[in-house]
Structures are given as C-alpha cells and as structure tokens.
Amino acid sequence: MPELPEVETVRRSLEPRITGHRIEAVDVRRRDLRWPIVDEFEERLRGRSIRALERRAKYLLIRLDDDATWVVHFGMSGTLLFHESRRERFDKHDHVVVDLAAGGQLVFNDPRRFGSMSIHEGDDAQLFEGVGPEPLDEVGFNGEYLFAHGKRTSRVLKDVLMDQRVVAGLGNIYVNEALFLAGLRPRRALRRLTRDDCERLAQSVRTIISEAIEHRGSSISDFLDGVGRMGGYQWRRRVYGREGESCAACGSTIKVIVVGQRSSFYCPTCQR
Ligand SMILES: [Zn+2]
C-alpha cells in the first residue's frame, strides 16, 4: 500500500509533467472504486487547468485553476501514470483516463479498487479533519507530542504510529523501520516511554520517512511512480519483510509477530 513516501514520489514525478496543463477529456471507465466516482466528475474536470500538485497524508492533491482539488487516494494497489502520448487501448484495471490538451495522458489503474478519486471544493480543513500532523512537521510531530499522547492511551507503539489520527501517512513498512531505528519493540506501550524515548522515536520516524522519500519509496509489491519507475527503498529495508534474515546491525535473527492484525518485524537484540 502506498504510504507517505510513495505518494510524495508520485507527486514529485508528475509535478513537472502536468503542472500548468489543461484537461481536455475525461473518461471514467469504471466508477465503483472504494467510493463511487460521482457522476459530475468528468464535467467538473474537463476544461480545467492543473495549478499545482500537493500532498497531505497519503492523498495526492491536484489543485485546479478554479480552486477545487482533484483528490487521489491510491488504496492498496493504485497507480497514476503519465504517458507522453495518448494510448488508445486500455487494461481492464485502467479505471480513469484523463487527456491533457498538450497531448499527454494520465491513467489511473487499480486492480484491487481500494483507491478513490473525487473533486473537493474549497479548502482542505474539512477533508483532513481529524487527520494527525505530518511526520516531517517538527512543530506538530515531536517527542513532546508523543509523550503527551502517551498520557491518554494504553496502546502499543505499533498501533499508535499506524493510527492516521496520531500521525499522518505512515503504514506498515515505515512504522516497522522507524521502531527498529528507535530501538523500540512494536508491543511496547507508549505510556511506558520516557521523554527521551519519545524524542528518539519521533526523530526515527522523520529519518526513515526522509530516507524513503530520498530513495523514491518502496517497490515491494507493485509500487510505481507517475512515470512507471520503481522506488529504491526496498533495498535498504532494515527489518520489514525480512523475518528469518540476519539483522545488519547485530547479526540476530529478525522476528515477526502480529500486532493489530498486521505483521510486525523486529530485531530481538536491537529493540527493547
Ligand atoms: Zn539487531
């Protein structure tokens, strides 16, 4: 599932290619994504120009010239690919095709259809009500923030960091990686951490997310950026998906346990 670094990678790959371009035609080939694409979608997009590409949490925000936003969520398996020249033939999982006036084409493909696509009018406040701070925002997300949150919850670290209301954009890959870097086990309770532990954890989250963006996300299952390139972070994984392998830091065997119905990978020596 695309997490923050993958969505940011898509944003960066598409930004120079589609910003300023006018949308000429919109073809919704299948409407029943996670939430149905509304009937007005095509009419709302047609003729608009793309003003900017932004991201919040795991959402790609394509700003239009009438101040509306074309909101894309990639779900489990969605991709939004830019093609220099228009294609005529499509895959059965190509659900939305957008032709740009300059000749390019955007194709949203999503085999599992957990993704979504909508038009949002006005500002983002309503759209992201209740969504936690961005992990790279040091003012909103830091050790003190986690320490204070620990006073209000008995949940374990893995569950807390996966919760989009606590911090936006993290998923299973980067939560596992951040916990390894912080030296903390997935099942530790947040409320048992010291201020220093919380500071180290917040810093580890930022380090991992920055590194993952720098390496253009993880292509572990099927992630591709906006022009079809794979990411590179999968080669740098410390623990995620590496059960039974040796920890690069200490040589211990990496273990897997299930926390909150998701696999959690950790080194029993480096993480306490
Ligand atoms: Zn280790």
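Strand 6 and strand 7 make a hairpin with four residues between them, and Gly-103 in that turn has a positive phi of about 120°. Strands here are DSSP runs of E with at least two residues, helices are runs of H or I with at least four, and both are numbered from the N terminus. This is a predicted model, where local features need pLDDT of at least 70, side-chain atom pairs count only at pLDDT 80 or more, and totals for chains, interfaces and linings use all residues. Residues are numbered from 1 along each chain as its sequence is written, and side-chain values use heavy atoms, with hydrogens and water left out.

**Strand 7 and its neighbours**

- Let's start with who sits beside whom: two strands pair if DSSP finds at least two bridges between them.
- Strand 6 (residues 94-100) runs antiparallel to strand 7, and five bridges join them; Asp-94 stands opposite Asn-109 of strand 7.
- Strand 5 (residues 79-83) is also antiparallel to strand 7, again with five bridges, and Leu-80 has Phe-108 as its bridge partner there.
- Strand 7 itself (residues 105-109) is mostly covered, with five of its five residues buried (buried means under 20% relative accessible area, exposed over 50%, and partly exposed in between, using a 1.4 Å probe and protein chains only).
- In a regular strand the side chains alternate between the two faces of the sheet.
- Both faces of strand 7 are covered: Gln-105, Val-107 and Asn-109 are buried on one side, and Leu-106 and Phe-108 are buried on the other.

**Aromatic pairs**

- The structure holds six aromatic pairs, which means ring centres of Phe, Tyr or Trp (its six-membered ring) within 6.5 Å; planes under 30 degrees apart count as stacked, over 60 as edge-to-face and the rest as tilted.
- One of them is Tyr-59 with Phe-128, an edge-to-face pair at 5.5 Å centre to centre with 75° between the planes.
- Tyr-59 lies in strand 3 (residues 59-64) and Phe-128 in the loop between strand 8 (116-120) and helix 3 (143-150), so this pair ties together parts that are 69 residues apart in sequence.
- Tyr-59 is partly exposed at 26% relative accessible area, while Phe-128 is buried at 8%.
- Another edge-to-face pair is Tyr-174 with Tyr-233, at 5.4 Å centre to centre and 65° between the planes.
- Tyr-174 lies in helix 5 (residues 172-182) and Tyr-233 in the loop between helix 6 (195-214) and strand 9 (255-259), so the pair links parts 59 residues apart in sequence.
- Tyr-174 is buried with a relative accessible area of 1%, and Tyr-233 is buried with 0%.
- Phe-128 also has a charge over its ring: the charged end of Arg-56 sits there, 5.6 Å from the ring centre (the rule asks for NZ of Lys or CZ of Arg within 6 Å of the ring centre and within 35 degrees of the ring normal).

**Cysteines**

- The structure holds zero disulfides, a disulfide being a pair of cysteine sulfur atoms within 2.5 Å.
- Cys-247 counts as buried at 4% relative accessibility, whereas Cys-270 counts as partly exposed at 26%.

**The whole chain**

- The protein chain comes to six helices and ten strands, and 53% of its 272 residues count as buried.
- Its C-alpha atoms fill a box of roughly 55 × 35 × 30 Å, taken along the principal axes.
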